[in-house]
Amino acid sequence: MSNRTTLTDLRSMDAGQASRLPPAHLALLLEDAAALRADAKHVSDLLADALHRRYGPVAAERRQTEGKDTGRVRFLDAGFEISADLPKRVEWDQPRLAAAIETLRSWGEDPADYVATEIKVPESRFTAWPPKLQALFQPARTVGTGRPSYSLEQVEC
């Protein structure tokens, strides 16, 4: 009989109960959860690879027949309808895109009619700016937070 809290035990608790566990138990549970995530990712990757080996050639042939390079195709296998999706991923060369936008402007066109523009300021640059420049941009800046995370590491006393 172990005095260790297991993931099975944890599943029957609410967050309040779990928060009262000893730090040593929480640290072990974090390790167990990380191992479970790693195992789930491995299994998921293995299944994705197996499905691609089995259905990739059929899907590619079907896309070619339908005259498309990407997208969803459907076909049957042993009483199952297989839906194979190959998403399109488009990337834009930013300097060339900026040049094209300037060309549109030179033609008298409003680029906003054709493209959506998003301007980003890396936080590391913003914090390095002089106060005057920060003050100029501050009204356009909203700071939020992400999900908090914690780690537990036992230290020698």
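# A kinked helix and its salt bridges

Helix α3 has a kink of about 50° at Y55, shortly before the proline P57. The bend at a residue is the angle between axes fitted to the seven residues ending there and the seven starting there. This is a predicted model, where local features need pLDDT of at least 70, side-chain atom pairs count only at pLDDT 80 or more, and totals for chains, interfaces and linings use all residues. Residues are numbered from 1 along each chain as its sequence is written, and side-chain values use heavy atoms, with hydrogens and water left out.

**Helix α3**

- Helix α3 covers residues 23-65. Helices are DSSP runs (H or I, at least four residues) and strands are too (E, at least two), numbered from the N terminus.
- At 1.5 Å a residue, the 43 residues of α3 should span 63 Å. The expected span is 1.5 Å times one less than the number of residues. The end C-alpha atoms of α3 are 59 Å apart, which agrees.
- Which residues of α3 are buried? They are H25, A27, L29, Y55, G56, A59 and R63. Buried means under 20% relative accessible area, exposed means over 50%, and partly exposed is in between (1.4 Å probe, protein chains only).

**Salt bridges**

- How many salt bridges does a search of the whole structure find? It finds eight. A salt bridge is a side-chain nitrogen of Lys or Arg within 4 Å of a carboxyl oxygen of Asp or Glu.
- One of them joins D32 and R4, with the closest N and O atoms 2.7 Å apart. D32 lies in helix α3 and R4 in the segment before α1 (7-11), so the pair ties together parts that are 28 residues apart in sequence.
- D32 is partly exposed at 24% relative accessibility. R4 is partly exposed too, at 27%.
- D77 forms a salt bridge with R54, and here the closest N and O atoms are 3.0 Å apart. D77 lies in strand β1 (residues 71-77) and R54 in helix α3, so this pair ties together parts that are 23 residues apart in sequence.
- Is R54 buried or exposed? R54 is exposed, with a relative accessible area of 53%.
- R74 is partly exposed at 43%, whereas E81 is exposed at 53%.

**Helix α4**

- Helix α4 spans residues 94-106. Its 13 residues should span 18 Å at 1.5 Å a residue, and its end C-alpha atoms are 18 Å apart, which agrees.
- D93 caps the N-terminal end of α4. A side-chain oxygen of D93 lies 2.9 Å from the backbone nitrogen of R96.
- G108 follows α4, and its phi is positive, near 85°.
- P95 is found in α4. P95 is exposed, with a relative accessible area of 63%.
- How far apart are the C-alpha atoms of P95 and H25? They are separated by 52 Å, and the two residues are 70 apart along the chain.

**A nonpolar patch**

- V121, L133, L136 and F137 make a nonpolar surface patch of about 330 Å². Patches are made of residues with over 30% relative accessible area and no salt bridge; like charges are joined within 9 Å, and nonpolar side chains (Val, Leu, Ile, Met, Phe, Trp, Tyr) within 5 Å. Accessible areas come from the Shrake-Rupley method with a 1.4 Å probe; for residues, only the protein chains shown count as cover.
- L133 is found in helix α6 (residues 131-137). L133 is partly exposed, at 32%.

Definitions and conventions:
Polar contact = N/O pair within 3.5 Å; in protein donor to acceptor, adjacent residues only side chain to side chain.
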